[in-house]
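Hello,

Here is the structure I said I would pass on. My notes follow below it.

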Amino acid sequence: MNLPLEAWMVGDAGLLPFPGHFALRVEGRHAAMAIVGRVGADADLTEAFAASRRLAAVLSTAAAGPWADTDRHGLVRRAWQLLAELPGPRLGPMEGADLSLLLLAEDVRGMCVAGVGLAGVWALFGDQYRSLAAPGHPLLCAPGRPDSLPGVLTLDHPTRRVVGTPAHLEPVLPPVEALAARCGHRDEAGGAP
């Protein structure tokens, strides 16, 4: 766990690309997780902001208490549990049916990716992005809170960043020179540091 983890999500084209978007990092004693998501984005800006902040606040507790000692799989599992326990109305007018979520977790044994509501997912390996899932892969699924615990994709090689495209967008990674801005990171380049 020597590089900070980053999970990025592509925003919509247009003047308001990020309603309902949030990003955070959770750290336990033995594992860390980067989380990015989008919820309530079709609501008015105030509702979208409130729904995304409520969800981010809840997910930020994934490594609280006894969960601080868990591994990467435990952090991912805890995030899904917290999401399942959250009352639907707290997630905006669609009660979370529009949720897109991407998780990147790491411990000393490796890394894994999980998510819901994604059209495409890429990881930065060296200085290039590679797709992590072909069409039909379980990681690429409809938006909304999952009915059961989603699986995880174990990465064979470490990465510091994953990028997801929410399900309502085409599964296309923006050009590297525009990627950071399309994901709300205006002061950095989209490629390798």
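Helices and strands here are DSSP runs (helices H or I, at least four residues; strands E, at least two), numbered from the N terminus. With a relative accessible area of 15%, Phe-125 is buried. In this email, buried means under 20% relative accessible area, exposed means over 50%, and partly exposed lies in between (1.4 Å probe, protein chains only). From Phe-125 to Ala-181 the C-alpha to C-alpha distance is 20 Å, and the two are 56 residues apart in sequence.

Before the rest, a word on the source. This is a predicted model, in which local features need pLDDT of at least 70 and side-chain atom pairs count only at pLDDT 80 or more, while totals for chains, interfaces and linings use all residues. Residues are numbered from 1 along each chain as its sequence is written, and side-chain values use heavy atoms, with hydrogens and water left out.

Salt bridges

How many salt bridges does the structure hold? There are six, where a salt bridge is a side-chain nitrogen of Lys or Arg within 4 Å of a carboxyl oxygen of Asp or Glu.

One of them joins Glu-6 to Arg-160, with 3.1 Å between the closest N and O atoms. Glu-6 lies in strand β1 and Arg-160 in the loop between β8 (153-155) and β9 (161-166), so this pair ties together parts that are 154 residues apart in sequence. Glu-6 and Arg-160 are both buried. A network of salt bridges links Glu-6, Arg-160 and Arg-161.

Arg-161 has another contact to note: its charged end sits over the ring of Trp-8, 3.9 Å from the ring centre. The criterion is that NZ of Lys or CZ of Arg is within 6 Å of the ring centre and within 35 degrees of the ring normal.

Another salt bridge is that of Asp-12 with Arg-38, whose closest N and O atoms are 3.5 Å apart. This pair also links distant parts of the chain, with Asp-12 in the loop between β1 and β2 and Arg-38 in strand β3 (residues 31-38), 26 residues apart. Arg-38 is buried, at a relative accessible area of 7%.

Glu-27 and Arg-25 form a salt bridge as well, at 2.8 Å from N to O. Here Glu-27 is exposed, at 53% relative accessible area, and Arg-25 is partly exposed, at 34%.

Cysteines and aromatic pairs

The structure holds zero disulfides, a disulfide being a pair of cysteine sulfur atoms within 2.5 Å.

Surface and loops

Leu-15, Leu-16 and Leu-45 make up a nonpolar surface patch, with about 380 Å² of accessible area together. Patches are made of residues with over 30% relative accessible area and no salt bridge; like charges are joined within 9 Å, nonpolar side chains (Val, Leu, Ile, Met, Phe, Trp, Tyr) within 5 Å. Accessible areas come from the Shrake-Rupley method with a 1.4 Å probe, and for residues only the protein chains shown count as cover. Leu-16 is in the loop between β1 (6-9) and β2 (21-27) and counts as exposed, at 54% relative accessibility.

Glu-95 is in the loop between α2 (72-85) and β4 (100-107). The phi of Glu-95 is near 55°, a positive value in a residue other than glycine. Glu-95 is partly exposed, at 43% relative accessible area. Pro-89 is also in the loop between α2 and β4, and counts as exposed, at 57% relative accessibility.

Finally, Met-111 is in strand β5 (residues 110-116) and is buried, at 3% relative accessible area.

Regards
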